[in-house]
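User: I'm new to this one. Could you walk me through how to read it, feature by feature?

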Amino acid sequence: MKTLLLGLVMVVALPFAPARAADDCTMRQTQIDKMYGKRFDRQAAKVRSIALEGSRLCKSGKVSEGLAKYDMAAKEGGVMMDKNKK
């Protein structure tokens, strides 16, 4: 019975997982844009370049790799991403 219930929960919840991950990509891109969108120094250009790679990966369906790129961009910029911010 537990296995059946767990299977049912997974079937119902699974379609929402990619949407949640895509929301994470959008959220992190928004944060990068707020922090570096109006700066034109070398560091900001590097951060935006890495974030662009992350955006491309997210849009092509490689969400975990895209999120890793966003984390790399934040590290390059010396900031921490707020992963719970909406």
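Analyst: Let's begin with helices and strands: they are DSSP runs, helices being H or I with at least four residues and strands E with at least two, numbered from the N terminus. Here, the pattern along the sequence reads α-α-α-α. This is a predicted model, where local features need pLDDT of at least 70 and side-chain atom pairs count only at pLDDT 80 or more, while totals for chains, interfaces and linings use all residues. Residues are numbered from 1 along each chain as its sequence is written, and side-chain values use heavy atoms, with hydrogens and water left out.

User: How many helices and strands does the chain have?

Analyst: You'll find four helices and zero strands.

User: What about disulfides: how many does the structure hold?

Analyst: A disulfide is a pair of cysteine sulfur atoms within 2.5 Å. This structure holds one, joining Cys25 to Cys58 with an S to S distance of 2.0 Å. Cys25 sits in helix α2 (residues 17–36) and Cys58 in helix α3 (residues 42–59), so the link ties together parts 33 residues apart in sequence. The angle about the S-S bond is -70 degrees, which makes the link left-handed.

User: Are Cys25 and Cys58 buried or exposed?

Analyst: Buried means under 20% relative accessible area, exposed over 50%, and partly exposed in between (1.4 Å probe, protein chains only). Both Cys25 and Cys58 are buried. Across the chain's 86 residues, 28% count as buried.

User: And how do I read contacts?

Analyst: A contact means heavy atoms within 4.5 Å. Among the chain's contacts between residues at least 6 apart in sequence, 57% join residues at least 24 apart.
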